[in-house]
Amino acid sequence: KATLLLAHEADEVRVAVLTHLGTTETLLHHAEVRELLRDAASQVRASATLALCAMRHGDAVVDVQPMLQDPDPHVRACAVAGLIKHGGLDGVLSCAEPLKRMLASPKGNDREYAAWILGEVGVQNFYQPIVPLFEDPSEQVRHAAIVAAGRLKSPKLITALIAQLGRPRLATVAVQALASFGPSIIECVTPLLENSRTPTRVRAQVPRILARIPEHKSVDWLRDLLRDHETDVRAAAIQGLATLSNRMPNVRLDMAAIAAAIRAESETYFNLLGQELDLALDDSVPLLRDALHHREAQCQARLFGLLSLKYPGETIDLVNRNLMSSQATTRANAIEVLDNLLPNDEKPYVIPLVEEAPVDRKLKAGSDLFTLTRQSREACLTSLITSHDDWLQICAATAIAAWRVPNLEAHVKELLASDNPVCRETAIHALKELGAGAYLRAQADLLVADTAPAVSRYARFVLTALEA
């Protein structure tokens with residue numbers, strides 16, 4: 001049957017059969033596999049190369065060596081990987097120079113395949129060539145290096161992998177790579193949570209790593225993160241506990257900790273409502289108004305995530321969806337279901353959040369539960385621009401500029417030192433609007449030398465306008 005399938009007209013079928021034969025490492029059909037080294041389809045030649053190496057080991061070197069000159073880079077990469085992995089000393093020696101050339105190639109595609117080869121070979125001691133690839137100019141190469149590191153599982157690569165968590169487009173694959181190390185990685189990544197200098201975007205990835213490691217230690221860490229001061233970390237912890245509770249059917253979640261987290265999220269929501277009212281938002285600050293509404297919605301989403309850990313997830317999901325319905329009766333039915341589901345001592349922390357009522361009436365319900373701090377507009381803006389939330393900082397700076405609040409100019413200046421380039425650019429705009437042109441001119445050399453091109457360009461634009 002395999003002989004017939006290896007001659008099948010569909011490339012995908014031949015590739016599937018070759019992949020299967022390579023995993024079984026059988027000696028059967030090696031003659032047919034050898035013939036497919038000359039197949040017209042490059043993906044078939046690549047699969048045949050790997051399969052033949054796995055089937056014949058050192059005896060495949062003579063047949064596979066010519067594939068190192070194949071016009072297709074994927075086929076060449078498979079030849080290198082197969083010979084190093086299965087070809088013994090002769091195979092390694094024949095591939096050393098081709099692999100070195102790929103690693104040093106000016107073509108990103110070659111370096112990407114070099115990373116794949118190192119991961120495919122799977123020898124932990126071959127970790128050194130991967131390290132420079134983490135800083136490669138090509139994002140595709142960096143992605144391939146992270147995947148390869150996850151396959152190698154060399155402890156020597158953990159620090160470099162952790163550094164990738166701060167890169168938004170690579171964070172997900174870095175999380176997967178670190179989680180592949182298994183329970184041992186817990187002790188390596190949890191110190192990031194306790195270090196006050198760890199950026200929020202990095203801390204928020206740690207719960208996602210823990211969620212992929214079904215251990216009681218992971219559950220304990222995620223439980224403690226339910227009260228973290230950073231909202232992104234709390235959201236990731238809630239999702240992580242939901243994931244682990246599905247993967248660990250016998251796990252017992254700490255219901256007291258979840259109930260405390262529900263109360264804390266409820267308090268956060270009411271405080272956001274208070275800020276919305278105290279700021280007296282108007283049409284001149286649409287970004288800040290939308291940002292606060294979005295944070296309120298996120299808070300409600302976290303609260304429903306916590307409820308799904310205590311009550312049937314299907315019911316909570318249905319209630320949440322129905323609350324977003326355009327039909328008033330559907331929304332009212334959702335609130336009624338929630339009212340019937342929750343115990344009396346929990347209802348006050350949840351029901352007022354989803355009821356359709358004016359802000360001041362909602363705040364009255366919140367003030368019966370919590371000591372809510374009411375503030376002046378200036379105090380509210382201060383708390384927002386000094387928060388850990390980059391987007392709220394940006395929106396607060398634009399509001400300070402729009403409302404002309406000179407007393408907060410010092411906080412806007414502090415944003416010029418932010419790690420976030422959008423914060424720095426917004427600070428330049430706000431300081432210009434606040435009439436701090438002299439300060440911007442004094443900082444001209446620093447501003448135009450900004451590492452972010454967009455910030456540097458905007459600084460030049462503003463400085464030119466000030467001179468005019």
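Q: Which residues in helix 10 meet which residues in helix 12?
A: This is a predicted model. To read a helix contact, list the residues on each side. Here His143, Ile146, Val147 and Gly150 in helix 10 meet Val173, Ala174 and Ala177 in helix 12. By class, the residues of this contact divide into five nonpolar, two polar and no charged.

Q: At what angle do helix 10 and helix 12 pack?
A: Take the angle between the two axes, then see which class it falls in. Helix 10, residues 139–152, and helix 12, residues 171–179, pack at about 15°, with their axes 8 Å apart. Angles under 35 degrees count as roughly parallel, so helix 10 is roughly parallel to helix 12. The crossing of these two helices is left-handed.

Q: How do the axes of helix 7 and helix 8 cross?
A: The reading is done the same way. The axes of helix 7 (residues 88–103) and helix 8 (residues 108–121) come within 7 Å and cross at roughly 130°. That makes helix 7 oblique to helix 8.

Q: Which residues in helix 7 and helix 8 meet?
A: From helix 7 come Leu99, Met102 and Leu103; they meet Asp110, Arg111, Tyr113, Ala114, Ile117 and Leu118 in helix 8. The residues of this contact divide into seven nonpolar, no polar and two charged.

Q: What volume does the largest cavity have, and which residues line it?
A: For a cavity, read the volume and then the lining. The largest cavity has a volume of about 30 Å³. Its lining consists of Val219, Arg223, Leu226, Leu241, Leu253, Asp254 and Ile258. These lining residues divide into five nonpolar, no polar and two charged.

How values were computed: Residues numbered from 1 in each chain as written. Predicted model: local features only at pLDDT ≥ 70, side-chain atom pairs only at ≥ 80, totals over all residues. Heavy atoms only, no water. Axes fitted to C-alpha atoms, helices over the stretch in contact; angles between N-to-C directions. Helix = DSSP H or I, 4+ residues; strand = E, 2+ residues; numbered from the N terminus. Parallel < 35°, antiparallel > 145°, perpendicular 65-115°, else oblique. Contact = heavy atoms within 4.5 Å. Nonpolar A, V, L, I, M, F, W, Y, C, P; charged D, E, K, R; others polar. 1 Å grid on protein atoms, 1.4 Å probe; cavity = no way out; pocket = protein on both sides within 12 Å on 5 of 7 lines; lining within 4 Å. Points joined across faces, edges and corners; volume = space filled by probe spheres on them. Left-handed = near helix turned anticlockwise from the far one by under 90°.
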